[in-house]
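Trainee: I'd like to learn how to read a model like this one. Can we go through it together?

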Amino acid sequence: MTWLRNVLVDLADDSPQVDLAERTIATHDRRRRTTLSLLAAGMVVVIASGLTAAVRLLPDRPQEAAAQGDDLPARGVEPLSHAYKTFCKPDKGKAPKGCRDGGWRVVTRSGKAYDVTEALPSLSSGRGGVRDSPLAISRDGRKIAYYSAKEGTFQVRDLASGQTTTAADKVPEGRLGSISRLMLSDDGRFVAFSKVPDFKDPALLIDMRDRVVRRLPNRWVPIGLSQDGATITLAEYSPHSQLRTISNLWPPSSAGKSTSVILPKDYRFSPLAPDGKTVAVIENLSAAEKPCRHGDLALMDTLTGKRRKATALSGLAPDVSTISLRTWIDAEEVTALTMSVRCRPASQVPDDEPPVIDPPYQSMTAYAVNVRTGRARKIATYRARNFFEIVLPGPPGAP
Amino acid sequence: MDRNDSFREFVAGHQQTLMRTAYLLTGDAHQAEDLLQSVLLKVLGRWSRLSRVERPEAYARKALLNQYISWRGRRVRSELPTAEPPDRPYSSEDSTIVRLVMRRALMRLPPRQRAVIVLRYYEDRTERETAELLSCSIGTVKSQAHYALARLRELAPELAPKLADMEIEEAYR
């Protein structure tokens with residue numbers, strides 16, 4: 001008995017280490033939502049009024065004008081408005097034209113689309129495994145960072161000049177995790193990578209210029225970096241909302257100075273605001289029987305977690321159900337990426353409902369929201385499968 | 001603590017144990033993840049009830065086995081070993097090769113026989129527990145274990161003496 005058991009134990013030792021909790025919860029939540037109304041094709045529009053220089057980060061032409069993506073040219077690419085993942089087998093609806101399964105497609109401000117073929121494709125969890133390959137766009141839209149399939153580590157690419165910088169250290173594909181995040185500093189010098197599940201391998205802050213790497217705590221989403229790369233702001237939204245600031249990051253062997261604050265409520269965080277010390281937050285009020293509910297918008301001090309006066313959001317479509325806070329347009333306005341989906345209470349989801357392996361693409365509407373007044377104005381619409389699979393310029397929000 | 005937090009705690013406490021069983025059943029890391037993911041989705045769907053029972057992991061384990069057996073028929077063709085055992089005689093003391101050979105042989109067993117082997121010899125379940133988990137009789141467990149060991153001896157002749165010993169021990173369990 002012992003011999004066979006030992007062989008089987010040896011065999012079981014090869015089983016993958018996983019953390020399926022977040023993915024299960026996300027998949028379950030997605031199943032509870034069914035699309036309320038798919039906007040008609042070609043409805044990807046930009047409201048052109050009141051454009052500031054920063055708003056030019058967003059597309060000024062329908063995303064559909066991008067049509068099928070060509071391979072990203074070696075140089076001479078204009079600044080980007082966004083990027084999204086192209087999965088080819090959605091359970092419902094159409095896949096993007098010319099899709100590469102799990103590949104990243106970048107879209108310029110004028111609507112030209114290019115596939116980033118150098119970037120390692122992500123895998124679909126129901127077909128072939130779990131691997132999230134992240135991509136980031138610098139705040140000015142002129143640089144991207146991604147995991148290079150060929151180099152086995154992260155690369156930064158200047159889109160106009162075509163100059164590519166490769167991180168000094170390799171990062172095994174197996175460390176990319178099931179949900180990963182990438183942040184690219186404004187000048188393209190620093191790349192921050194983090195992922196879940198948070199096994200022993202750390203998150204990384206990579207100095208592409210000086211070719212050194214600083215370890216960071218995993219699981220935390222990098223949402224801001226100071227100009228000199230010495231202070232990083234991190235957010236965690238699950239299982240508890242927390243903010244963390246680590247300063248004195250260099251040299252990489254230094255302990256750094258870390259300040260964490262655990263928040264009493266569940267928040268969605270924007271990237272770090274231009275002032276470098278606050279974030280915009282929206283309280284997540286969703287519960288099992290009352291899903292897809294959100295609270296008011298507020299600014300929060302990243303070091304103390306102190307929330308300033310909350311402001312009710314106005315001007316959003318009445319059927320908006322979920323919000324992800326993204327790019328700061330200027331000191332007053334932050335981008336709110338929204339989806340309008342119908343959410344089902346947990347009790348209305350049949351136990352035997354089959355899981356959706358490849359969810360359909362759906363419309364997302366971006367609003368510029370004034371953080372003082374809460375007033376929102378529509379600025380663009382996009383199509384992607386979910387918030388994890390669309391990237392706007394600048395650091396990511398959480399979630 | 002909200003519903004999701006208690007579910008996270010449950011997953012953190014049991015997912016690796018369940019994953020090991022899933023991996024032995026499927027023989028493939030990706031399929032094992034898919035299998036466990038689908039089971040956890042079922043668990044989460046019923047979490048409001050399961051979180052109140054004493055051992056929700058028992059439900060998860062049974063769901064894992066049921067799901068595996070119902071999947072196996074549909075997915076059998078996609079099962080491919082990632083490493084081949086050597087095409088030459090080998091020692092039953094070489095653990096790496098034995099692991100490869102056993103993995104390959106297990107993957108060729110019918111699903112119920114593989115489940116019996118995993119439950120009886122890896123999880124060390126009694127015949128009664130195995131029968132309950134597989135929703136079958138104790139007699140079926142006995143016969144499936146016998147056929148499974150015999151088939152393993154055919155599939156891995158170098159391991160046959162060890163496996164024959166297993167069956168003798170089994171007779172005295």
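Trainee: Among contacts in chain A between residues at least 6 apart in sequence, what percentage join residues at least 24 apart?

Mentor: It's 57% in chain A. Keep in mind that this is a predicted model. Chain A has 28 strands and two helices, and buried residues make up 48% of its 399 residues.

Trainee: How do I read a single strand, then? Take S13(A): which of its residues point one way and which the other?

Mentor: The general idea first: in a regular strand, side chains alternate between the two faces of the sheet. In S13(A), Phe190(A), Ala192(A), Ser194(A) and Val196(A) point one way, while Val191(A), Phe193(A) and Lys195(A) point the other way. Strand S13 (residues 190-196) of chain A is mostly covered, with seven of its seven residues buried.

Trainee: And which strands does S13(A) pair with?

Mentor: Pairing in a sheet goes through backbone hydrogen bonds, either parallel or antiparallel. Here S12 (residues 179-184) of chain A runs antiparallel to S13(A), joined by six bridges. Leu184(A) stands opposite Val191(A) there. The two strands form a hairpin with five residues between them, and in the turn Gly188(A) has a positive phi of about 80°. S13(A) also pairs in the antiparallel sense with S14 (residues 203-207) of chain A, over four bridges, where Phe190(A) stands opposite Asp207(A).

Trainee: What about a sheet with edges? In what order do the strands of the open sheet with S2 and S28 of chain A come?

Mentor: The order is S2-S5-S4-S3-S28 in chain A, five strands with mixed pairing. S2 (70-71) and S28 (390-391) of chain A each have a single partner strand, so one side of each is left without a neighbour in the sheet. Inside that order, S3 (residues 80-86) and S4 (residues 103-108) of chain A run antiparallel and are joined by six bridges. Lys85(A) stands opposite Trp104(A) in that pair.

Trainee: Now the core. Which residues touch the most other members of the largest nonpolar core?

Mentor: Leu135(A), Ala145(A) and Val191(A) do, in a core of 87 residues. Leaving out residues up to four places away in sequence, Ala145(A) touches Leu135(A), Ala136(A), Phe154(A), Gln155(A), Val156(A), Leu182(A), Leu184(A) and Val191(A). Another core, of 55 residues, lies apart from the largest one, and its members include Ala21(A), Met102(B), Tyr121(B) and Ala131(B).

Trainee: How many residues does each chain give to the contact between them?

Mentor: Chain A gives 32 residues and chain B 38. On the side of chain A, H1 (2-12), H2 (21-32) and S7 (127-131) each give two or more residues, and H1(A) gives the most, with nine. For the complex, the predictor gives an ipTM of 0.85 and a pTM of 0.63.

Trainee: Over in chain B, where does helix H1(B) bend?

Mentor: At His14(B), by about 50°. The span tells a story too: H1 (residues 3-26) of chain B has 24 residues, but its end C-alpha atoms are only 30 Å apart, short of the 34 Å that a straight helix would reach. After H1(B) comes Gly27(B), with a positive phi near 75°.

Trainee: Which helix of chain B has the lowest mean pLDDT among its elements?

Mentor: Where pLDDT is low, the predicted coordinates should not be read in detail. In chain B the lowest mean belongs to H9 (residues 160-172), at 66, and the highest to H6 (residues 111-122), at 92. Over residues 74-86 of chain B, the pLDDT is below 50. The chain B average is 80, and 80% of the residues score at least 70.

Methods
Residues numbered from 1 in each chain as written. Chains lettered and ligands numbered in written order. Pairing = 2+ DSSP bridges. Core = buried A, V, L, I, M, F, W, Y, C linked by C-beta atoms within 7 Å. Buried ≥ 20, exposed ≤ 12 C-beta atoms within 10 Å, placed from the backbone. Contact = placed C-beta atoms within 7 Å. pLDDT = per-residue confidence, 0-100. Expected span 1.5 Å × (residues − 1). Bend = angle between axes of the 7 residues up to and from the residue.
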